[in-house]
Amino acid sequence: MEFAVRTWSAGARLGSLQLAAGLQVETPGLLLLTRKGLPAFIPPDLLQNLHPDARACQVTPLHFLESPNATTVAKAGGLHKLVSLTGFGMVAVARDSLMDESNGEGSSKMGASFETSSGRRVVGPAKYMEVVNAFKPDLWVSLPDEVPSWVAEKRNRLSVDRTLQWLDQCLSLQPAEYGNRCLGVVVGSTSLDERIRSAEQTATRNVAGFSLGGFGLGEDAAQRAVQMEAVLTKLPKEKVRHVSGIGLPEEILQAVGAGIDVFDSIYPFMLTKGGYAMTFPLNMENSQRSFDSEPTGEELARSGGDSAKINLRSVAYRLDNAPLVIGCKCYTCRKHTRAYINHLINTHEMLAQTLLEIHNTYHYLEFFKAIRHSIKLDKFHDFRNWFTSTRQKSGTPSPSKSRQ
Ligand SMILES: [Zn+2]
């Protein structure tokens with residue numbers, strides 16, 4: 001694994017992440033969401049040609065505690081082979097843990113409790129790393145003890161200590177022949193002191209990069225910006241930085257502006273599941289022309305949409321022969337109309353989700369591409385201001401009040 005920062009613009013950085021030979025992800029970039037290693041609604045064959053930047057996936061080790069388990073994945077030759085995604089990058093990211101020091105493995109008697117199909121299950125570093133190692137991932141994130149923003153200071157301190165202990169144990173279980181592919185997790189919730197302590201301590205470990213945990217758990221957007229910037233100043237600039245749990249376009253811009261390189265997000269999946277298509281503007285130069293041809297904010301609101309998305313369940317699209325987004329080059333927009341997708345939804349055809357997910361993933365990846373372009377031109381500040389102002393003009397709520 002290699003990572004290099006090429007240039008900076010208003011706090012944002014343009015870089016490249018080499019996950020394997022011939023497998024390069026431009027940053028800021030996106031890891032595609034998977035469930036048990038499978039991209040949501042999209043078969044691997046379609047994923048190959050979805051977008052040039054659809055190159056790497058996020059996968060959750062905790063989905064492989066039972067069936068298929070680590071032994072099955074190992075016998076298949078790793079996760080890439082099992083899910084037919086050879087040629088794609090795989091990044092193992094664990095979330096949703098509830099630490100429990102009364103159970104678990106190892107001398108620390110500390111484990112993390114996870115929801116599985118057969119009830120809650122407690123695992124420790126040995127079990128977690130058994131699954132991670134079976135994956136043969138291109139990168140993996142150590143297991144964090146993430147806590148919500150409202151927990152007491154004492155519990156928050158414990159979260160930082162536990163996350164560091166887990167990191168040390170997991171690193172000792174990493175096979176030497178794979179090299180260093182671990183991203184150490186920085187936690188600390190809403191406490192600036194604890195976040196800084198977590199960052200400084202994690203930076204002393206032999207890790208390939210960092211993952212900022214504990215975001216997207218109810219914190220205020222303004223507070224998040226302060227915390228991110230405080231943490232990132234304590235981390236070495238030459239190493240890659242990842243964050244989970246944030247996905248609204250304004251949130252992505254905020255994190256990019258703080259210096260985050262890699263994201264994974266449930267945002268496109270949630271829009272698809274709700275019958276929505278992303279429509280937010282991507283091109284600062286042509287924005288006026290595209291806005292002139294689009295419905296007003298009031299018209300969108302009446303059909304359940306807003307300036308970021310349209311609701312394909314709405315009767316407003318029953319006879320609409322336009323593509324989801326005029327000018328979009330994704331497979332769905334080149335081949336199909338809003339009316340067709342509205343009809344698929346109304347007849348409960350699963351093809352509706354496939355076509356929406358193709359567009360939503362493509363549009364989201366184009367958003368990251370536009371961000372990178374603005375950094376390259378040293379116009380990230382202008383791009384962010386333009387994007388935010390166009391959304392505010394249409395009455396879109398701020399990220400802190402609006403969740404996907
Ligand atoms: Zn499209």
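This is a predicted model: local features need pLDDT of at least 70, side-chain atom pairs count only at pLDDT 80 or more; totals for chains, interfaces and linings use all residues.
Author: Local features need pLDDT of at least 70 and side-chain atom pairs pLDDT 80 or more, while totals for chains, interfaces and linings use all residues. Residues are numbered from 1 along each chain as its sequence is written, and side-chain values use heavy atoms, with hydrogens and water left out.

Reader: What makes Cys328, Cys330, Cys333 and His359 the protein donors of the zinc ion?

Author: Donors are N, O and S atoms within 2.8 Å of the metal (3.2 Å for Na, K and Ca); water is not among the atoms, so sites may look incomplete. Cys328 (SG), Cys330 (SG), Cys333 (SG) and His359 (ND1) lie 2.1 to 2.3 Å from the zinc ion. Their spacing along the chain is C-x1-C-x2-C-x25-H.

Reader: Why is the site of the zinc ion called tetrahedral?

Author: Four donors count as tetrahedral if all angles lie between 85 and 135 degrees. Here the angles among the four donor atoms are 102 to 115°, so the term applies. The ideal angle for four tetrahedral donors is 109.5 degrees.

Reader: What does UniProt place at Cys328, Cys330, Cys333 and His359?

Author: The unreviewed entry places the feature "binding site" there. These residues are spread over 32 residues of sequence, yet their largest C-alpha distance is 8.4 Å. UniProt positions are given in the numbering used here, feature names are shortened, and annotations may be inferred rather than shown by experiment.

Reader: Why is Cys330 called buried?

Author: Buried means under 20% relative accessible area, exposed over 50%, partly exposed in between (1.4 Å probe, protein chains only). Cys330 has 1%, so it is buried. At 8%, Cys333 counts as buried too.

Reader: How do you know that Cys330 is in contact with His359?

Author: Contact means heavy atoms within 4.5 Å. Leaving aside neighbours within four places in sequence, Cys330 meets this with His359 and Tyr362.

Conventions: Four donors count as tetrahedral if all angles lie between 85 and 135 degrees; four count as square planar and six as octahedral if opposite donors are over 155 degrees apart and all others between 65 and 115; anything else is irregular.
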